Amino acid sequence: MNLSVKLPGLNLKNPIMPASGCFSFGKEYSQFYDLSKLGAVVIKAATLNERLGNPTPRVAETYSGMLNAIGLQNPGVERIIDQELPYLKNYDVPIVANIAGSSVEEYEQVARAFQRTDGIAAVELNISCPNVKEGGLQFGTNPDVAAEVTRRVKAASNVPVYVKLTPNVTNVVEIAQAVEQAGADGLTMINSLTGMQIDLQNRRPLLANKVGGLTGPAIKPVAIRMVYQVYQAVKIPIIGVGGIMTAEDVLEFLLAGASAVQVGTANFQNPMICPELIEQLPACLAKYGFKSVEEAIGKGHHSE
Amino acid sequence: MRQLIVPVLEIEEIAKATYQLDLEIEKSLLAQIKPGQFIHIRVNQGSEFMLRRPISVADIDLSLNKLTVIFKVFGKGTDVLTHLKTGELIDLLIPLGNGYPIESIEMEHALLVGGGVGVPPLYYLAKSLVEKGIKVTTVIGFQTKDEIFYEKEFATLGEVFVTTDDGSYGTKGYVTDVLQHEELNFDYYFSCGPAPMLKAVKKYLHYFPGYISLEERMGCGIGACYACVVKSADGKDQKKICTDGPVFNATEVMI
């Protein structure tokens, strides 16, 4: 069965890729399987300078999910290019560079830094970061700010730009349309939902950062709803992410309108999840009457 | 490191809310495991528990193809593990992390200091040290008498001191009270336990070279998610507890 999908900058052999932040720079999971099996690899977010991240505890398990507040720990874009990307070049797989920042200028500088490598097929713009200059408000929660950072990163990049949307907004469609107009080549959705867990023994939030991002199957219905709504309002392709555990979950995202998907939290429970989904997807598509991945995209929408 | 599906040989409550789990694993793999390494256990199938549980290796018996871990029930996930039955299969990542570097250390007498669920990895360490002809003295601390385990097992390997916070057994107080009041001869120390205990042990034994094993809430267990980190001693770097540790030279990390 044909699992391939063609997206801006990304010729995917199949629609399965690990989500940013859950897969580091690939080396760890290459102990379990050949990374060339994947549709793409999305690397951990790069910032301009090294970040040491938040204090611990950084993760907490929740019902069918988890909270994390890693705090964008990464060695900085230059070291990522020099020390992490060369290993991934051993594999026949497109690499998506996730970029983050605390100012529009930082995003721009990180995007420009990636221009010096030919190893990147696309950029994924993480706009769920707090904008330090604007009092910590997330870039992704205001359509004008989201559009501005998209425009600037697009101008600073020589590869297609996918904007990863935050679900922590009242109207995700408005943000999606704003970044589409600003030149985004695609969308990734959704990032984590803001959450908290309180430790009963210590009577305080369990995470050192107090709040964290909720991910895993617990958020899948929210992700499906948002992909479905945005699919009807934009023309650019959507990469769906949020709680995928099974081939049926992948198909559900395709029906909602995603052209490809990312798998995050499930990697922690089962390091083989991505190759297993790739293997199981053809039978699942066939079971529900599809002959290819492309045929299923958006088929959950009907004019009534 | 590998992902394995293995059968449970036996599970037994050996102290209050503390369980010993014996697993059947092929000899060739067991022979590679170093004291201080851990396994990452998937709680069950399905999506209820998205994170595995990291548990230190407590003992290995090559003749029986047996790996032993000891864990305490802290929440729903560890409670589910207590209901495992003989013959049931569980999913592991094994072995993970770096163990105590006993192959590269010249010593005559080791001091082992453990607290609560930090005690189990010290047992396989003690056995390995004794096998190499190194003398072992062990100091283990628990909150209360009901929680004590493995005192007899450690006693077959060397001198043992037990403390309880409430004084219901052994020395009343903390492991550091034993370090303070007993004349202990040793040239290296090895410690595992909760962070406040490790901090106190490191402070008290700072004239001696030693290794400590850290615990932290973990995600992937293989170095990909950056959940379990500890600052390097100079504060300039983060070390991953799952892959750079969990055992560190006591001078290497900021605790």
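This is a predicted model: local features need pLDDT of at least 70, side-chain atom pairs count only at pLDDT 80 or more; totals for chains, interfaces and linings use all residues.

Trainee: Let me begin with sheets. What holds the strands of a sheet together?

Mentor: Strands of a sheet pair through backbone hydrogen bonds, and the pairing is either parallel or antiparallel. Now look at chain A. Four strands there form an open sheet, in the order β5-β6-β16-β13. Their pairing is antiparallel.

Trainee: Which strands stand at the edges of this sheet, and why is one side of each left without a neighbour?

Mentor: The edge strands are β5 (59-62) and β13 (193-195) of chain A. Each has a single partner strand, so one side of each has no neighbour in the sheet.

Trainee: How do I follow the pairing from strand to strand?

Mentor: Walk across the sheet, one pair at a time. Start with β5(A) and β6(A), residues 65-68, which pair over four bridges. Here A:T62 stands opposite A:G65. Next, β6(A) pairs with β16(A) over three bridges. In that step A:M66 has A:T215 as its bridge partner. Last, β16(A), residues 212-215, pairs with β13(A) over three bridges.

Trainee: How many residues lie between the strands in the hairpin of β5(A) and β6(A)?

Mentor: Two residues lie between them. Look at A:S64, in the loop between β5 and β6 of chain A. Its phi is positive, about 50°, although A:S64 is not a glycine.

Trainee: Which strands of chain B form a hairpin with two residues between them?

Mentor: That hairpin is made by β1(B) and β2(B). In its turn, B:A17 has a positive phi of about 55°. The two strands, β1 (residues 2-15) and β2 (residues 18-24), belong to chain B. They pair in the antiparallel sense over six bridges. In β6(B), B:L93 is the bridge partner of B:Q3.

Trainee: Now the two chains. How many residues does each give to the contact?

Mentor: Chain B gives 32 residues and chain A gives 36. The area buried between them is about 2,800 Å². Carbon and sulfur atoms give 57% of that area. On the side of chain B, B:M50, B:R217 and B:Y226 lose the most area to chain A. Together they make up 26% of what that side buries.

Trainee: What polar links cross the interface?

Mentor: Count two kinds. The rule finds 15 residue pairs in polar contact. It also finds two salt bridges. One of them is B:R53 with A:E61, where the closest N and O atoms are 2.5 Å apart. As for elements, β13 (229-231) and β14 (238-240) of chain B each give two or more residues to the side that touches chain A. That side of chain B divides into 13 nonpolar, eight polar and eleven charged residues.

Trainee: How many salt bridges does the structure hold over all chains?

Mentor: There are 20. Take A:K89 and A:D118, whose side chains meet at 3.7 Å, N to O. This pair links distant parts of the chain, 29 residues apart. A:K89 is in the loop between α1 and β7 of chain A, and A:D118 is in the loop between α2 and β8.

Trainee: Where should I look for cis peptide bonds?

Mentor: Check the omega angle. The bond from A:T56 to A:P57 is cis, with omega near 0°. A:P57 lies in the loop between β4 and β5 of chain A. In chain B, a cis bond joins B:G245 and B:P246, with omega about 5°. B:P246 sits in the loop between β14 and β15.

Trainee: Where in chain B is B:Y150, and what is its phi?

Mentor: B:Y150 is in the loop between β8 and α4 of chain B. Its phi is near 65°, a positive value in a residue other than glycine.

How values were computed
Residues are numbered from 1 along each chain as its sequence is written. Chains are lettered from A and ligands numbered from 1 in the order in which they are written. Side-chain values use heavy atoms; hydrogens and water are left out. Two strands pair if DSSP finds at least two bridges between them. Contact means heavy atoms within 4.5 Å. Buried area is the accessible area (1.4 Å probe) that two parts lose on being put together, summed over both. A salt bridge is a side-chain nitrogen of Lys or Arg within 4 Å of a carboxyl oxygen of Asp or Glu. A polar contact is a pair of N or O atoms within 3.5 Å; within protein, one must be able to donate a hydrogen and the other to accept it, and residues adjacent in sequence count only if both atoms are side-chain atoms. Ala, Val, Leu, Ile, Met, Phe, Trp, Tyr, Cys and Pro count as nonpolar, Asp, Glu, Lys and Arg as charged, and the others, Gly among them, as polar.
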